[in-house]
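This report concerns the contacts between protein and DNA in one model. Please look over the sequence and the structure before reading on.

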Number of protein chains: 2
Amino acid sequence: MYSIQDVSKKTGLSAHTLRYYEKEGLISGVERSQGGFRQYTDEDLEALGLICCLKNTGMSLQEIAEFVRLTYQGDYTLKERVELLRQHRENVVQRMAEMQRYLDKVTWKINFFSEKLRAYEEQQASRKDAG
Amino acid sequence: MYSIQDVSKKTGLSAHTLRYYEKEGLISGVERSQGGFRQYTDEDLEALGLICCLKNTGMSLQEIAEFVRLTYQGDYTLKERVELLRQHRENVVQRMAEMQRYLDKVTWKINFFSEKLRAYEEQQASRKDAG
DNA sequence: CTAAACCTTAAAGTTCACTCTAAGTCAATA
DNA sequence: TATTGACTTAGAGTGAACTTTAAGGTTTAG
């Protein structure tokens, strides 16, 4: 059992954000102590791990909430969930490929500017020699 | 010479956005017709190309504006610009590596759920047989 | 027992990158 | 000439994902 502060440290999400995620339906069924304090289990942490993966690969909180909702509906939504994750993975793969193309252009520009810089520095050096 | 509409089509940015970028200092020195209409040159398009690359690899408009500002200061900022682009590239490479790690976890989850799904479907089939 | 941590609701504020509207003027094209 | 498209400033609106604040109450750990 972990307090909200423990989970905050483990996940890097603030306690505020954890409560916010709960409100938005990204986490459900977090147990409470007698006094009403949140007590996260290892399964909750596991679920949060997947949530972070999805978030960090660009899935919106809304979509994640939808995924979580399916999870809570039981095994009969497994097919849909697998499909959803596969689609997401496909999107990410494509975005990464696109990113790589943009990055290649940036690299090209770096080389171009480097050459220009080399020429510029040479010119500066020869000016110094002359002057 | 291209009108704002031409450039909008070529870059995929709206005319609104092009004016907004100008206001924010991402593009400078766009020529005008006698009547005050923007007339983009091939160099402007070239510059916009780099801007889009930077934007699409996650650089903020603020940082891009800073880069453009350096560009307009002349060749003596070449070194700084090359350094800036190299740093950006490094960041992007790292973000992509991180993304790949998250994606691997997602893939792992897909496999896990797929196996669970297989078991579930088998169970459903045997129930059908029995009933 | 006390101090720190937690709880609640509700709403306001923040940042980013647009996106749109208004209101009026001016230019270019068929 | 009529209409479409461009121009201006200035400000409001949007959506995502938080973040903060307030205000007051309760619980838990040392």
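How many residues surround DNA strand D, and which are the closest? There are 18 such residues, and A:His16, A:Tyr21, B:Arg19, B:Arg32 and B:Arg38 are the closest. A residue is near a strand if one of its heavy atoms lies within 4 Å of it.

The model is predicted: local features need pLDDT of at least 70 and side-chain atom pairs count only at pLDDT 80 or more, while totals for chains, interfaces and linings use all residues. Residues are numbered from 1 along each chain as its sequence is written, chains are lettered from A and ligands numbered from 1 in the order in which they are written, and side-chain values use heavy atoms, with hydrogens and water left out.

**DNA strand D**

Of the atoms of DNA strand D within 4 Å of the protein, 84% are part of sugar or phosphate, and the rest belong to bases. Two elements give two or more residues to the surface near DNA strand D: helix H2 (15-23) of chain A and helix H1 (4-11) of chain B. Helices (H or I, at least four residues) are DSSP runs, numbered from the N terminus. H2(A) supplies the largest share of this surface, four residues. By class, the surface near DNA strand D holds six nonpolar, eight polar and four charged residues. Here Ala, Val, Leu, Ile, Met, Phe, Trp, Tyr, Cys and Pro count as nonpolar, Asp, Glu, Lys and Arg as charged, and the others, Gly among them, as polar.

**DNA strand C**

Around DNA strand C there are 18 residues, of which A:Gln5, A:Arg19, A:Arg32, A:Arg38 and B:Tyr21 come nearest. Sugar or phosphate accounts for 83% of the atoms of DNA strand C within 4 Å of the protein, and bases for the rest. The elements that give two or more residues to the surface near DNA strand C are helix H1 (4-11) of chain A and helix H2 (15-23) of chain B. H2(B) provides the largest share, four residues. The surface near DNA strand C comprises six nonpolar, eight polar and four charged residues.

| Residue and atom | Phosphate oxygen of | Distance |
|---|---|---|
| A:Arg32, polar side-chain atom | DNA strand C | 3.1 Å |
| A:Arg38, polar side-chain atom | DNA strand C | 2.9 Å |

Definitions and conventions
A polar contact is a pair of N or O atoms within 3.5 Å; within protein, one must be able to donate a hydrogen and the other to accept it, and residues adjacent in sequence count only if both atoms are side-chain atoms.
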